[in-house]
Amino acid sequence: MAVSRAGGWEARILAQLEHREARVATMARVIQSYNQLAGKVGDYASHSREIEARSREMQGEHERLLENYERSGMSSGGSGGVRGNSLAQQRIAELEREVEGLKEERTVLYRTQGTNAQRLLDLSDKMRETDSRLRQQELEISDSHEALRRMTTKLGDVQGALKEKDGTIQIIQDEMNAMHLEINQLEKRNDELQAENDDLVKRWLKKMNEEVEKVNDVTHELELIKRKSAALSPRMGAAVFEDDHFFGAALSAPGHIRGGGSVVPRGAVGKIDARMEELHSIALSRDGQLLAVGGQSNAVKVFDAETGECIYTLTGCLKGINHVEISSDGSLVLAASSDHTARIWRLDTGRQWKSLTGHIGGVVTAKFNRDASRVFTYSQDRTVKVWDTQRGLCLKTLFTVSGCHDIDLLDSDGARIVTAHLDNSIRIWDTQTGRRLAEAAVHKEQVMSVWATRNGPPRVLTNSSDGTLKLVDARTLDVITVMSAPNYHPSRNWARASLSPDERFAIAGSLHGMLYVWDVASGDLIRELDIQKSHICDVLWSPDGQRVYSAEKSRYIMILQ
């Protein structure tokens, strides 16, 4: 029987059947040999009996000849007796030789019979063993047949299930085709609505431009009135603004403290309504003209820092925004989002340019290096990632182990960074090798933010929930200055402190809407301002050091001078 090409259990069963047939054929040959040997043994036994009978007959004849010889010798004499005796002796010798030959032949037959009997016994044992193996193989074949029957039944069930699934797949395909048709209709309708919306937007923009022209005319008239009022009343307030609208800010007023070009703010001169439920972060462009704002809303808003006018609304994030950054050339905006991504927009088009995906937790903070060729992000998955901005690829991943609130760059390229941790420590990292260079527990409670100096020896300003700010030497991690205030209580997670452009002053906001300004060299508190109503999440000096922008969690950004 030829072995089937079927695989698995079918091939094994066919092989077992072929093996059984071969064993049966071998056993048949053994039985045939056994029968032939038994026949020969019977023939040898019959021949032996015949030889014994002939031997007994010859023995009797020999005895009779001897008796006759003795009688004839005793009764007769002469030559005739001698010849008779000679013939008788000759005959007796022949008979004795024949008897001896028959005895030898009988001995050979007995020996052959014994050998055949032993072979017969061996063959009988072998037949019993073969019968036992055949019975065992028959049991195995029976089990294989039973397994074959079960597998055939199971195969039938599987084939039936496959037929049912084929029917289900066909139904799903029909539904998908119907859905594709519906989607095509919806896309067509969406295109129509988009065209209609574009037309409405154009009409709305035209209307808004007309309204803006009217507002500009009114604003011009108000400016003339303010100038006349200022000329008539020099002691009037430095700023004119209402609850929800920015009207402008006065120039430096008497009583301002200056330090190498940076102004220690004296009071609010303007307000920007971000129109968000909750603010998290603000960022200023290098020329101080653009202000980016991120919060609970899924969009980043970019304002004119002078007029408070919203220039861009950058969309694309699926969840709230935790941190925003503007590139040094003012062309890109970077946002860290709770949707596990960091996104980059181009300000020349107002459209999303890159989406940096790879974190498995919400992204807490994101930073550009000086030329915006790299982006550095930290996520709640406890990793810092270094990204190639142009390609949008992750170049290096650093595992921080401890949770982190903030990061900053210690050099313009971002070869070294500093991270602020929940275990009261700051850590210095080499972003090219991924190695941790140094760490120190500089606070008693978690570190909320870090701000690296841009001039002179590398130093880091830290802000902690223990109510202190510290200036730390980034090379040795030794604390240089400690800054605190009796009523300073920063809010957890949203408490970023910053340095003035000349790095002489530090500023931070508290849980109760108070702003605090310290002298970095001495650690003395210079000014305490009751400015905002809810806790302050972020505060920045303008690049020229003449203004301070303070963002409270609930919607408003105050401009101080």
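Modeller: In this predicted model, Lys-354 lies over the face of Trp-353, at a distance of 5.1 Å from the ring centre.

Strand 10 (residues 341-346) and strand 11 (residues 351-357) run antiparallel and are joined by 6 bridges. Within this pairing, Arg-343 has Ser-355 of strand 11 as its bridge partner. Their hairpin has 4 residues between the strands, and Gly-350 there takes a positive phi near 75°. Strand 10 is also joined, by 5 bridges, to strand 9 (residues 332-337), again in an antiparallel sense. Here Ala-336 stands opposite Ala-342 in strand 10. The hairpin of strand 9 and strand 10 has 3 residues between the strands, and in it His-340 takes a positive phi near 75°. Strand 10 is itself mostly covered, with 5 of its 6 residues buried.

I turn now to contacts between rings. A pair of aromatic rings is described by the distance of the centres and the angle of the planes. The search of the whole structure finds 3 aromatic pairs. In one of them, Tyr-488 and Trp-518 have ring centres 5.5 Å apart and planes at 80°; the pair is therefore edge-to-face, the cut-off for that class being over 60 degrees. This pair links distant parts of the chain, 30 residues apart: Tyr-488 is in the loop between strand 23 (479-484) and strand 24 (498-499), whereas Trp-518 belongs to strand 26 (residues 514-519). Trp-518 also pairs with Tyr-516; this pair is stacked, at 6.0 Å centre to centre and with 20° between the planes.

Tyr-516 is buried, as is Trp-518.

Tyr-488 has a polar partner as well: its side chain makes a polar contact of 2.9 Å with the side chain of Asn-463. Asn-463 lies in strand 21 (residues 459-464) and counts as buried because its relative accessibility is 0%. Leaving aside neighbours within four places in sequence, the residues in contact with Asn-463 include Val-447, Met-448, Ser-449, Leu-469, Tyr-488, Pro-490 and Arg-496.

One further tyrosine, Tyr-549, belongs to the largest nonpolar core. Of the 17 residues in that core, those touching the most other members are Ala-274, Leu-279, Ile-282, Leu-291, Val-293, Tyr-549 and Ile-557. The elements that give two or more residues to this core are strand 3 (268-273), strand 4 (279-284), strand 5 (290-295), strand 28 (536-541), strand 29 (548-552) and strand 30 (556-560). Strand 4 supplies the largest share, 3 residues. Beyond its neighbours within four places in sequence, Leu-291 is in contact with Tyr-549, and also with Ile-272, Ile-282, Phe-303 and Ile-557, among others.

Terms used
Residues are numbered from 1 along each chain as its sequence is written. This is a predicted model: local features need pLDDT of at least 70, side-chain atom pairs count only at pLDDT 80 or more; totals for chains, interfaces and linings use all residues. Side-chain values use heavy atoms; hydrogens and water are left out. A nonpolar core is a set of buried Ala, Val, Leu, Ile, Met, Phe, Trp, Tyr and Cys residues joined through side-chain atoms within 4.5 Å. Buried means under 20% relative accessible area, exposed over 50%, partly exposed in between (1.4 Å probe, protein chains only). Contact means heavy atoms within 4.5 Å. Rings of Phe, Tyr and Trp (its six-membered ring) pair if their centres lie within 6.5 Å; planes under 30 degrees apart count as stacked, over 60 as edge-to-face and the rest as tilted. A charge sits over a ring if NZ of Lys or CZ of Arg is within 6 Å of the ring centre and within 35 degrees of the ring normal. A polar contact is a pair of N or O atoms within 3.5 Å; within protein, one must be able to donate a hydrogen and the other to accept it, and residues adjacent in sequence count only if both atoms are side-chain atoms. Two strands pair if DSSP finds at least two bridges between them.
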